[in-house]
Amino acid sequence: MSLKSLRPCLEVLAGAATILVTAALSLIAAAPPAHAYAVAAVFPPWWSAGEVRLAVDPIGATSAIGRTPTIVTVYGGLDLQQRLRNAGAWFILDPRLLACGPGSEI
């Protein structure tokens with residue numbers, strides 16, 4: 001077989017691998033946080049650290065900020081996730097997925 005005849009097969013395999021990886025990552029990200037009162041909130045990327053702080057401070061305690069100031073770990077009450085969404089958070093994730101969350105002590 002020549003490389004020319006293998007190219008369509010390689011393209012199909014690359015496409016299938018991309019779909020599988022994307023689906024797996026989506027399922028992981030869609031999983032609810034293990035603890036309702038400790039979450040990682042992802043805010044819009046154009047928000048400044050000050051805007052994120054203003055949105056989060058009335059809701060809960062911020063314990064960690066991600067590599068970008070728009071990803072924060074927040075501790076709060078049982079309605080924490082809904083309050084963060086109402087404040088502008090795009091995603092609510094388990095903070096352990098981002099390696100910025102609580103360990104086994106919770």
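**Group meeting: a walk through a predicted α/β model**

Hi everyone. From the N terminus on, the elements of this protein run α-β-α-β-β-α-β. That comes to three helices and four strands, where helices (H or I, at least four residues) and strands (E, at least two) are DSSP runs, numbered from the N terminus.

A word on the ground rules. This is a predicted model, so local features need pLDDT of at least 70 and side-chain atom pairs count only at pLDDT 80 or more, while totals for chains, interfaces and linings use all residues. Residues are numbered from 1 along each chain as its sequence is written, and side-chain values use heavy atoms, with hydrogens and water left out.

Now the overall numbers. Of the 106 residues, 25% count as buried; buried means under 20% relative accessible area, exposed over 50%, and partly exposed in between, with a 1.4 Å probe and protein chains only. The accessible surface comes to about 7,000 Å², and 67% of that belongs to carbon and sulfur atoms. These areas come from the Shrake-Rupley method with a 1.4 Å probe, and for residues only the protein chains shown count as cover. As for contacts (heavy atoms within 4.5 Å), take those between residues at least 6 apart in sequence: 68% of them join residues at least 24 apart.

Let's go to strand β1, residues 38-42. How many of its residues are buried? Five of five, so to speak a mostly covered strand. Ala38, Ala40 and Val42 point one way, Val39 and Ala41 point the other way, and all are buried. β1 has antiparallel pairings with β3, residues 71-75, over five bridges, and with β4, residues 91-93, over three bridges; two strands pair if DSSP finds at least two bridges between them. If you want landmarks, valine 39 stands opposite valine 74 in β3, and alanine 40 stands opposite leucine 93 in β4.

Next, helix α2, residues 49-56. Its buried residues are Val52, Ala55 and Val56. They cover an arc of only 90 degrees around the axis, which puts them on the same side of α2; the arc is that of the directions from the helix axis to the C-beta atoms.

Val52 also turns up in my next stop, threonine 70, which touches Ala41, Val42, Phe43, Pro44, Pro45, Trp47 and Val52, not counting residues up to four places away in sequence. Threonine 70 lies in the loop between β2 and β3. Is this residue buried or exposed? Buried, with a relative accessible area of 6%. Threonine 70 and phenylalanine 43 are 27 residues apart in sequence and 5.0 Å apart in space, C-alpha to C-alpha.

For contrast, look at isoleucine 65 in strand β2, residues 61-65. Isoleucine 65 is exposed, with a relative accessible area of 52%. Not counting residues up to four places away in sequence, isoleucine 65 touches Ile71 and Val72.

Last stop, the surface. Which residues make a nonpolar patch of about 280 Å²? Leu6, Leu10 and Leu13, and leucine 10 has its place in helix α1, residues 3-30. Patches are made of residues with over 30% relative accessible area and no salt bridge, joining like charges within 9 Å and nonpolar side chains (Val, Leu, Ile, Met, Phe, Trp, Tyr) within 5 Å. A salt bridge here is a side-chain nitrogen of Lys or Arg within 4 Å of a carboxyl oxygen of Asp or Glu.

Thanks, everyone!
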